[in-house]
Amino acid sequence: MQYYSLLSKDTPMSPIEKSIWWIEYVLRHKGVAHLHSAAADLSYVQYYLLDVIAFIITILLVLLLALYLATVRVLRKLNVIRLESEKDIKKKIK
């Protein structure tokens, strides 16, 4: 633990010197607008990429629907799923 303590205390400036340096830095450059993160200006939808997520979910749902419809069509062609005709329905009713 002493080793890690020494590592954390090995800094070129004391905390008070570092604070003074940053205050002087801000004064020298008349603010720190250049250090402002662009993410702070994004909307909620843009920041969390909700439009991209919605697009991906939509594509996945369309693909799943197409797969389902293709599977049903193939199974009908193979007579695994039998479509009831009107004659079959009328026979069941009588």
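Two rings of Phe, Tyr or Trp, the last taken by its six-membered ring, are counted as an aromatic pair if their centres lie within 6.5 Å. By that criterion, a search of the whole structure, which is a predicted model, finds six aromatic pairs. One of them joins Trp 21 and Trp 22: the ring centres are 4.8 Å apart and the planes stand at 85 degrees, so the pair is edge-to-face. The cut-off behind that label is an angle of over 60 degrees between the planes.

The surroundings of these two residues can be described further. Trp 21 and Trp 22 belong to one aromatic cluster together with Tyr 25. Trp 21 has a relative accessibility of 33% and therefore counts as partly exposed. Trp 22, with a relative accessible area of 40%, is likewise partly exposed; the class runs between the limits of 20% for buried and 50% for exposed. Trp 21 also has a charged neighbour, for the charged end of Arg 28 sits over its ring at 5.8 Å from the ring centre.

The fold as a whole may now be considered. The protein contains five helices and zero strands, and its elements accordingly follow the order α-α-α-α-α from the N terminus. Of its 94 residues, 3% are buried.

Among the helices, H4 comprises residues 50-77.

The unreviewed UniProt entry assigns the label "transmembrane region" to residues 47-70. In the model, that span is 92% helix and 0% strand, and the C-alpha atoms at its ends lie 37 Å apart.

The mean pLDDT of the protein is 88, with 86% of the residues reaching 70 or more. Which helix has the highest confidence, and which element the lowest? Helix H4 has the highest, at a mean of 95, whereas confidence is lowest in helix H5, residues 86-93, at a mean of 64.

Conventions
Residues are numbered from 1 along each chain as its sequence is written. This is a predicted model: local features need pLDDT of at least 70, side-chain atom pairs count only at pLDDT 80 or more; totals for chains, interfaces and linings use all residues. Side-chain values use heavy atoms; hydrogens and water are left out. Helices (H or I, at least four residues) and strands (E, at least two) are DSSP runs, numbered from the N terminus. Buried means under 20% relative accessible area, exposed over 50%, partly exposed in between (1.4 Å probe, protein chains only). UniProt positions are given in the numbering used here, feature names are shortened, and annotations may be inferred rather than shown by experiment. pLDDT is the predictor's confidence in each residue, from 0 to 100. Rings of Phe, Tyr and Trp (its six-membered ring) pair if their centres lie within 6.5 Å; planes under 30 degrees apart count as stacked, over 60 as edge-to-face and the rest as tilted. A charge sits over a ring if NZ of Lys or CZ of Arg is within 6 Å of the ring centre and within 35 degrees of the ring normal.
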